[in-house]
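These are my notes from an afternoon of looking things up. I wrote the entries in the order I went.

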Amino acid sequence: MRDHPFRGVRSRAAALAACALAATLVAAGATPAYAADDTERPTAPGPITVVAVDTTSVELTWAASTDNVGVVRYPVGVRFEDFGSQYSTDTNSIRITGLRPSRTYTFSVWALDAAGNSSLSNPTLRLTMPPGDDQPPSAPGQPVAYDVAATLVWLRWAHSVENVALDRYEVFRVDAGGTLTRVSEVYQHPPGRNSTQISGLTPNTTYTFVVQARDEAGHLSPLSALVTVTTLPPPPSCAVRSVVRQWPDGFVAHLVVENTGSTVIDGWTMTWRFWAAQQVQGIWGAKVVDRVNSSYLRVANTGRNSVVPPGGTVSLGLVATGTQLPEEITLNGGLCTVADE
C-alpha cells in the first residue's frame, strides 16, 4: 500500500500545531510540565556586593544561583528597622531607588525557579546610606501637659522643622541640678506623632520635661522650652449609687458619688463606659468634657460641687440615647464601686 501523498504533510502540520499550543500555554502563564515535576530548590545566591551607591539609591549584584532546570527570578528584600519592602529582578543585579540618606538598611536575596522552589537566602548585607543632610532640625515647640493623672502625664509639642527627614523625638526629665534622663522616644516612622505618655510617676509630685529632635543623619536640635507639671494626688476611693430608668432606645440615670477616702477631693473628673453611637441629651450636676477613645464619656465638676469632703457625696444625672448604662465609673482616675438601687 502506498502512503497517501498528503499524510506526511498532515503529520507535520499537527506537530507544528501542538508546538504552537504549548508555546501559547507557556506564554499565558501555564506551568511547563518539567517545572511541575521539579522539586529541587536552587542554590543560594552568592554574597551581595555594592556596585554603586549615593544618598538615595544603591546598585547591588551577587553571584548567580544554579538550578537543575533554571532560575526565573530573584526576590530582593529591603528592611529598615521594623519596615520592609520587596523587589524582584530576573538578573543577578538590581538598582533600588527611593532610599533615605543616613539610614541603615538590611538587604537579602534568594532565588526562585519555575516550579516555585525557593533557595535559602544569601548572607544579608547591612548598608548605611551616605549622609545627605548637613543641617540639624529646629527646636521642637514647648511641650504642653494634658490628661494629667496621679502616676502619668501626656505631653504634646509642635513639630520641629527638618530639611530632609526626622528620625525621632527624645523626651527627657530634667532632674535636680539640670541632669537629663530620657523617659520616652517618639519615632517618626511613619512620621506625624508629636505626643507621648510618661508613666510610672509619683503622685502629687512636680516634674520638669524637655524635648529634643534627632534627624536621620544623627543631628540633634536645640532643646525645647521646659514644661513643669504636678501629678495629681493618689486616686480617691469612691462608691456610686445609681438609679436608672430605661426605655428601648435610651435612659435617664441619677448617680450619687461618695468620697470613701480620708482626704478632701478638690476638683474632679469622672468617666464611664459610653458607646460611640450614644448621644447625651441632657446632663446636670456636671459638664461634659470629651469622649475618651470613643468608648468612654468624661465629665467634670461644675463651679458649685468641686469639693467633696471625706464621707461627702456629689449628685449628677444624665439623659442619653442607647442601651449602654454607666459602668466602669472612675473618679479622678480611681475606679469606683457601683451599686444599683
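Leaving aside its neighbours within four places in sequence, which residues is G77 in contact with? I found S85, T106, F107, S108 and W110, where contact means heavy atoms within 4.5 Å.

**Ground rules**

I'm working on a predicted model, where local features need pLDDT of at least 70 and side-chain atom pairs count only at pLDDT 80 or more, while totals for chains, interfaces and linings use all residues. Residues are numbered from 1 along each chain as its sequence is written, and side-chain values use heavy atoms, with hydrogens and water left out.

**Entry: G77**

I placed G77 in strand β3, residues 71-80. For the strand labels I rely on DSSP runs numbered from the N terminus (E, at least two residues, for strands; H or I, at least four, for helices). Then I checked its accessibility: G77 counts as buried because its relative accessibility is 10%. The scale I used calls a residue buried under 20% relative accessible area, exposed over 50% and partly exposed in between, with a 1.4 Å probe and protein chains only. I also looked at Y105, which is 28 residues from G77 in sequence, with 9.9 Å between their C-alpha atoms.

**Entry: β6 and β8**

Next I went to strand β6, residues 104-109, and saw that it pairs with β8 in the antiparallel sense over 4 bridges. Two strands count as paired if DSSP finds at least two bridges between them. Which residues of β8 are on its covered face, and which on its uncovered one? In this strand, residues 125-128, I got L125 and L127 for the covered face, and R126 and T128 for the uncovered one.

**Entry: a sheet of 3 strands**

I traced an open sheet with the order β9-β10-β13 and antiparallel pairing. Its edge strands are β9 (144-146) and β13 (195-198), each pairing on one side only. From one strand to the next, the twist averages 30 degrees; the axes are lines fitted to C-alpha atoms (for helices, over the stretch in contact), and angles run from 0 to 180 degrees between N-to-C directions. I counted 3 bridges between β9 and β10, residues 153-156, and Y146 stands opposite W154 there.

**Entry: the disulfide**

How many disulfides are there? I get 1, taking a disulfide as a pair of cysteine sulfur atoms within 2.5 Å. The pair is C238 and C336, with sulfur atoms 1.9 Å apart. It links distant parts of the chain: C238 sits in strand β16 (residues 238-247), C336 in the loop between β26 (334-335) and β27 (337-340), 98 residues apart. The torsion about the S-S bond is about -95 degrees, so this disulfide is left-handed. Both C238 and C336 are buried.

M270 stands opposite V299 in β22 and has L331 in β25 as a bridge partner.

Last, I looked up N332, in the loop between β25 and β26. Its side chain reaches the backbone nitrogen of T269 at 2.8 Å, and one of its polar side-chain atoms lies 3.1 Å from the backbone oxygen of G267.

Notes: Polar contact = N/O pair within 3.5 Å; in protein donor to acceptor, adjacent residues only side chain to side chain.
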